[in-house]
Amino acid sequence: MLNLDLRPVKNQQELEDMFYQRWLVLRSPLGMEIGSERDSHEDSAFHIIAAVDRTIIGSGRLRELSPELGSIAYLAVLPEYQNRGIGTKIIQRLIVQARENHLKTVRVMSRINATKFYQRLGFFAQNNSFEYLGIPHIFMQLEI
């Protein structure tokens, strides 16, 4: 059983460590450079990390798109820790935060191969799939 510490990012160093962990999971396998794991919304977003012995093994982000709509993005769990419920715990914690922020709906831009994961959490597919970073994606939504 993992001694999992699931919480918001505490300081700038943790934020940088989280970005590196995100890059390792989401961008490095695509051959993308460090820095490609960030966007212009990082400063206004809520970041959650999952850590074991102070090592960040998972992360995710929530940001407000409008007063009622939030976006969950950059869900990333190191491969050796996947399929242990960590991603589920991160998403559940981000949904709690979305409710605390009085949002009514959250959406994700899911890779097609992750849609079953989000469906198990109550998300529904929206519209058609599309390519992003050379990978098929689809928007999924959850009313909270």
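Residue I49 touches D5, L6, R7, V9, E14, M18, I56, G58 and S59, leaving aside residues up to four places away in sequence; contact here means heavy atoms within 4.5 Å. The model is a predicted one, in which local features need pLDDT of at least 70, side-chain atom pairs count only at pLDDT 80 or more, and totals for chains, interfaces and linings use all residues. Numbering runs from 1 along each chain as its sequence is written, and side-chain values use heavy atoms, with hydrogens and water left out.

I49 sits in strand β2; helices (H or I, at least four residues) and strands (E, at least two) are DSSP runs numbered from the N terminus. I49 is buried, at a relative accessible area of 1%, where buried means under 20%, exposed over 50% and partly exposed in between (1.4 Å probe, protein chains only). Its C-alpha atom is 8.8 Å from that of E14, which is 35 residues away along the chain.

Strand β6 (residues 124-132) pairs with β7 in the antiparallel sense over 6 bridges; pairing requires at least two DSSP bridges between the strands. A125 stands opposite M140 in β7. The two strands, β6 and β7, form a hairpin with 2 residues between them, and L133 in the turn has a positive phi of about 55 degrees.
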